[in-house]
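Look at the sequence and the model below.

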Amino acid sequence: MTAFRTLNHADLAGKRALVRVDLNVPMENGKITDATRIERVLPTIREISGKGGKVILLAHFGRPKGRDAKDSLKPVAVALAHALGQPVTFVEDCIGEDVAKAVSAAKNGEVLLLENTRFHAGDEKNDPAFVQALAANGDLFVNDAFSAAHRAHASTEGLAHVLPAFAGRSMQAELEALSSGLDNPARPVMAIVGGAKVSTKLDLLGNLVKKVEVLVIGGGMANTFLAARGINVGKSLCEHDLVATAREIEAKAKAAGCEIMLPVDALVAREFKAHPGHRVIQIGEVEPDEMILDAGPLSVAEVVLKLDQVKTLVWNGPFGAFELPPFDTATVTVAKAAAKRVKAGQLVAVAGGGDTVAAMNHAGVADDLTYISTAGGAFLEWMEGKDLPGVEALRTT
């Protein structure tokens, strides 16, 4: 982490630390259904508090257009206090006189959560006046929200240019994990890319063929590559208008010495639902009214065999419709094989993206891989090789 300023470099005692966190947690009927993002920021909060700094939390929630009660962070403050094991003072704005008074009244070591930064249009616009209004209540800035680092907003990037800025422990862990995945990995490297559409992952595939030795393509997007090879995929999800693009990606991979692995067999069905009538077929044997919904056992065996030959795995997207059994088989089997190698100290495995996190949880390996990123868009942009504004602002050089 020599490329980034971390809490190791910060003088925290008696300081007002503006800490950007990701508390955009899923909620139903006012109840948080997944507290992972809260748990990830606890180490940073505890460290700053324990070293005598005032912890002033900045976060967004939802996509409000102005102030909207349903997007208030107030319920999150209660859950955060419970997880933290100490009181959290909620302040009903993120700038202005009331915030200044609350920060002034807080004792060293205490924690405040300010209201949704996106209640102000200046946050997403990275408005300099809004940046200054936020900065007025801090002596330093700590960014612990990697998941929002791909956006150049006032609370993610702007503050880093007007206050001494540092990576929090969650941000640090994410950057270290990602560095071990693609930036400076142990080789050979395998990437697994799944999901529905090639069109959403063109930049990703274009970057990976230059960075990895093996690229495994699964999910609906594999069908487009199969079609590009002249294989009939029946009524499977397939972007026939992108077959030429798929051929270009294969050509780039060949030129770069990257092996592309596609399914050699598949589970097919005529209905998109759990436990339909289905069969295992060799690729090329799909009936016109059938859909490919998962990779087959031979494909899985090939991937697992190849997995034994690599040292690093980067994973984004499932192999099939994993939410509909039995079309979770390929994803679960490969995930468990990866977890076994990680536990044996033979593999570094970094996974991320919304569906991927859900799939790893479904497979029961979320705690067994080297790192799982909950970042979604930021994780995807990092895999695409793009600079993330909120990360770049923390660099030492």
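Is Arg-395 buried, exposed or partly exposed? In this predicted model, Arg-395 has a relative accessible area of 31%, so it counts as partly exposed, a class that lies between the cut-offs of 20% and 50%. Its salt-bridge partner is Glu-392, and the closest N and O atoms of the two are 2.8 Å apart. Glu-392 is also partly exposed, because its relative accessible area is 29%.

Side chains of opposite charge can pair when their charged atoms come close. The count of salt bridges here comes to 24. One of them joins Glu-92 and Lys-74, with 3.7 Å from N to O. Glu-92 lies in the loop between E5 and H3 and Lys-74 in helix H2 (residues 74-84), so this pair ties together parts that are 18 residues apart in sequence. Glu-92 is exposed at 53% relative accessibility, while Lys-74 is partly exposed at 46%.

Another salt bridge, 2.8 Å from N to O, is formed by Glu-290 and Arg-279. Glu-290 sits in the loop between strands E13 (278-282) and E14 (291-295), and Arg-279 in strand E13, 11 residues away. Glu-290 is buried, with a relative accessible area of 1%, whereas Arg-279 is partly exposed at 35%.

The loop between strand E5 (88-91) and helix H3 (97-105) also holds Cys-94. Cys-94 is buried, because its relative accessibility is 1%. Beyond its neighbours up to four places away in sequence, Cys-94 touches several residues, among them Val-99, His-120, Phe-130 and Leu-134. Leu-134 is 40 residues from Cys-94 along the chain, yet their C-alpha atoms are separated by 7.0 Å.

Technical notes:
Residues are numbered from 1 along each chain as its sequence is written. This is a predicted model: local features need pLDDT of at least 70, side-chain atom pairs count only at pLDDT 80 or more; totals for chains, interfaces and linings use all residues. Side-chain values use heavy atoms; hydrogens and water are left out. Helices (H or I, at least four residues) and strands (E, at least two) are DSSP runs, numbered from the N terminus. Buried means under 20% relative accessible area, exposed over 50%, partly exposed in between (1.4 Å probe, protein chains only). Contact means heavy atoms within 4.5 Å. A salt bridge is a side-chain nitrogen of Lys or Arg within 4 Å of a carboxyl oxygen of Asp or Glu.
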